[in-house]
Amino acid sequence: MQAVVFRDPDTRVEVVDADLAAPKAGEVRVKIAAAGVCHSDLHVKRGEWDAPAPMVMGHEGSGVVTELGEGVTSLAVGDHVVLSWVPPCGECRYCLQGHEARCQKVVEVNNAHGSLFDGTSRLSNAETGEPLHHYLSVSSFAEEVVVPVSGAIKVRDDAPLDVIAVVGCAVATGVGAVLNTAAVEPGSTVAVIGCGGVGLNVVQGAKLAGAERIIAIDVVPEKTAMALQFGATDRIDASQRDAVEQLFELVPDGVDYAFDAIGRTSTTEQSIRMLGLGGAAVIVGLPPTGAKASFEPLVLAEADQRILGSNYGSVRPSIDIPALVDRYMDGQLKLDPLISGRRPLAEAAEALDDLEAGGVLRTLLIP
């Protein structure tokens, strides 16, 4: 099959012929219908995160189950699935507590080694036999994948696979940060810094939660304009002057929740400064490894404020992903406007370039 391989930040990603071994016990093979290109992929491409290489890229995707490993009974060949980049092990203390997005085994085995649960890869270079690592247990920039069964989430068959691919990362992360991590209450005031693929889902998550005011903030006016379509009530052009000053002009007491959907040091610090009494800053966007932000602990304590980290929207994949697909099909969530375009797998490098240039929300790679 064809697969997109990352080697190092100085080498352009390339499409290679790869071999995919059969699924082992507790795994399934999935034919990819669509794979989303995410900012997390840019972090890898730039060398800003530690990632085992060479590696088949991609962590957002959808497809159809084509083969079952030994012992798999929860899925059948032909099932439509959305891929989860946290396939819960179901055994660690976090999974047993219902906090599946924190799965300890995924962090310590799959992500650390670029492998599946047994510590090995199903991927190799077809010409040289060189082992290839998995990315976040998915590696969706390929024609097919082998993933743990807990990472292939069955969804309804009538949902378009070339749209719902974005549920696996952008939608789950953004909406989940609002509904799960922050548990935003009806009537709240919410600020969203960054109106890209994840940020727009934070906006529509806040709308689902019943927030009274949703303030969209970005340096690109077209993105805040789009945020109005997703449920924002106000917009701030951060390219003109300080976003925090502009926010306090709109909400003099500060907001109840400020979501940093970018993950830069500056935007994290802004999100904390935007809070009112009892407010919570929610860090959704992921910064480069080693980045550090600062805040005044005294102010935070005296104002009874919180800083929350949100990994994967604190989702329970088997429950939340099908529910999000249902919300889309029922008209409660907008997904189609998130998709800026579709490219063949062979144009993965160009799709990453488009995202880096800032002109797109989500490009889907269609094998």
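# Close-up views of a predicted model

**View 1. Strand 2 meets strand 7.** Strand 2 (residues 14-20) and strand 7 (residues 123-125) are joined by three bridges and run antiparallel. The model shown here, as in every view, is predicted. Leucine 20 faces leucine 123 of strand 7 across the pairing. These two strands belong to an open sheet of five, ordered 4-1-2-7-8, with antiparallel pairing. Strand 4 (55-56) and strand 8 (131-132) are the edge strands, and each pairs on one side only.

**View 2. A salt bridge between arginine 7 and glutamate 14.** The side chains of arginine 7 and glutamate 14 form a salt bridge, with 3.4 Å from N to O. Side chains of opposite charge can pair when their charged atoms come close. Arginine 7 is partly exposed, at 30% relative accessible area. Glutamate 14 is partly exposed too, at 34%. Glutamate 14 also lies in strand 2, which covers residues 14-20.

**View 3. Strand 6 between two partners.** Strand 6 spans residues 80-83. Strand 5 (residues 60-68) is joined to strand 6 by three bridges, and the two run antiparallel. In this pairing, glycine 63 stands opposite valine 81 of strand 6. Strand 10 (residues 152-154) also pairs with strand 6, again in the antiparallel sense and over three bridges. Here leucine 83 stands opposite alanine 152 of strand 10.

**View 4. The two faces of strand 6.** Which residues cover each side of strand 6? His80 and Val82 lie on one side, Val81 and Leu83 on the other. All four are buried, so both faces are covered, buried meaning under 20% relative accessible area. Leu83 is also among the residues with the most contacts inside the largest nonpolar core.

View 5. Aspartate 79 forms a salt bridge with lysine 154, and the closest N and O atoms are 3.3 Å apart. The pair links distant parts of the chain, 75 residues apart. Aspartate 79 sits in the loop between strand 5 and strand 6, while lysine 154 is in strand 10. Lysine 154 is partly exposed, at 41%.

View 6. Glutamate 144 and arginine 29 meet through their side chains in a salt bridge, 3.9 Å from N to O. Glutamate 144 belongs to strand 9 (residues 144-148), and arginine 29 to strand 3 (residues 27-37). The two residues are 115 apart, so the pair links distant parts of the chain. Glutamate 144 counts as partly exposed, at 24% relative accessibility. Arginine 29 is buried, at 12%.

**View 7. A network of charged side chains.** Lys24, Glu27, Asp118 and Arg122 are linked in a network of salt bridges. The count for the model comes to 23 salt bridges.

**View 8. The largest nonpolar core.** This core has 95 residues. Those with the most contacts inside it are Leu83, Ile164, Val171, Phe259 and Leu335. Helix 5 (residues 170-182) supplies the largest share of the core, seven residues. What does leucine 335 touch, leaving aside its neighbours within four places in sequence? Its contacts are Val163, Ile164, Val166, Val167, Val171 and Tyr328. Two of these contacts, Ile164 and Val171, are themselves on the list of residues with the most contacts inside the core.

**View 9. The whole chain, for orientation.** The protein has 12 helices and 18 strands. Its C-alpha trace spans about 60 × 40 × 40 Å along the principal axes. A compact globule of 367 residues would have a radius of gyration near 21 Å, and the protein agrees with this at 20 Å. Of the 367 residues, 53% count as buried. Among contacts between residues at least 6 apart in sequence, 69% join residues at least 24 apart. The protein exposes about 14700 Å², and carbon and sulfur atoms supply 49% of that area.

Definitions and conventions. Residues are numbered from 1 along each chain as its sequence is written. This is a predicted model: local features need pLDDT of at least 70, side-chain atom pairs count only at pLDDT 80 or more; totals for chains, interfaces and linings use all residues. Side-chain values use heavy atoms; hydrogens and water are left out. A nonpolar core is a set of buried Ala, Val, Leu, Ile, Met, Phe, Trp, Tyr and Cys residues joined through side-chain atoms within 4.5 Å. Buried means under 20% relative accessible area, exposed over 50%, partly exposed in between (1.4 Å probe, protein chains only). Contact means heavy atoms within 4.5 Å. Two strands pair if DSSP finds at least two bridges between them. A salt bridge is a side-chain nitrogen of Lys or Arg within 4 Å of a carboxyl oxygen of Asp or Glu. The radius of gyration is taken over C-alpha atoms; the globule rule is 2.2 Å times the number of residues to the power 0.38. Accessible areas come from the Shrake-Rupley method with a 1.4 Å probe; for residues, only the protein chains shown count as cover.
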